[in-house]
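The entries below follow the order of looking.

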Amino acid sequence: MIPAGTPDTTEAYLRHCYVAPRSTVGLVLFEPYAPEVAAAIDDYLYAIDHLHQTCQSHQAQLVFAYDPCFPQIYDPKASLKIRNLLEKACRDLAIPFLDLTPALRLAGQREKLHLLPRDFHYNAAGYRVIAEALAGVLPSLAGLPLQRRPPREGTRRRAFPVEKP
């Protein structure tokens with residue numbers, strides 16, 4: 001859950017991210033990075049390399065999907081330096097890099113993608129955008145043809161079963 005006193009709209013939360021840049025979200029939006037953030041990024045890059053080597057030793061393909069932070073979706077001027085750094089690291093290691101930023105930015109102009117103010121996680125619309133973006137790329141990485149099936153009319157999966165009287 002979101003702590004008390006957290007802004008409750010997209011615009012208010014964006015302002016909060018920029019006013020309180022050392023919040024969790026703000027840590028990768030502003031340069032220069034604090035020493036502990038730079039060290040965490042180095043550790044993360046090391047972990048990607050190690051995971052890639054582990055996957056290779058098991059004949060598995062690592063795929064990196066970049067999920068942008070809140071401001072990177074709703075503010076077209078937000079820094080993408082961390083995304084660019086991760087993309088370069090993946091390119092250097094020959095790891096496919098799937099950037100979810102364009103799909104989320106486009107959808108975020110039309111609809112709300114997060115559970116804000118209740119929670120920072122994506123809502124159903126946000127997860128749908130991510131699923132569609134991944135479904136458009138992952139099969140081709142595995143050498144499979146793309147198969148797009150429209151949802152069946154009148155069907156909807158529920159997160160929780162509904163008891164019938």
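**Entry 1: His52**

I looked up His52 and found it buried, at a relative accessible area of 7%; buried means under 20% relative accessible area, exposed over 50% and partly exposed in between, with a 1.4 Å probe and protein chains only. This is a predicted model, in which local features need pLDDT of at least 70 and side-chain atom pairs count only at pLDDT 80 or more, while totals for chains, interfaces and linings use all residues. Residues are numbered from 1 along each chain as its sequence is written, and side-chain values use heavy atoms, with hydrogens and water left out.

I placed His52 in helix α2. Helices (H or I, at least four residues) and strands (E, at least two) are DSSP runs, numbered from the N terminus. Leaving aside residues up to four places away in sequence, I listed Leu62, Leu93, Ala94 and Ile95 as touching His52; contact means heavy atoms within 4.5 Å.

**Entry 2: positive phi**

Ala94 came up again, this time for its backbone. Its phi is near 60 degrees, positive in a residue other than glycine. Ala94 sits in the loop that joins α4 (81-93) to β2 (97-99). Although Ala94 touches His52, Ala94 itself counts as exposed, at 61% relative accessibility.

Gln59 also has a positive phi, about 55 degrees, and is not a glycine. I found Gln59 in the loop between α2 (35-57) and β1 (64-66). Gln59 is exposed, with a relative accessible area of 71%. I noted both residues because most residues other than glycine have a negative phi.

**Entry 3: cysteines**

How many disulfides does a search of the whole structure find? The search returned zero, where a disulfide is a pair of cysteine sulfur atoms within 2.5 Å. I then checked the accessibility of two cysteines. Cys90 is buried at 0% relative accessibility. Cys69 is also counted as buried, at 17%.

**Entry 4: the chain overall**

I counted seven helices and two strands. Read from the N terminus, the order of elements is α-α-β-α-α-β-α-α-α.

The chain has 165 residues, and 35% of them count as buried. Among contacts with a separation of 6 or more, 61% are between residues 24 or more positions apart.
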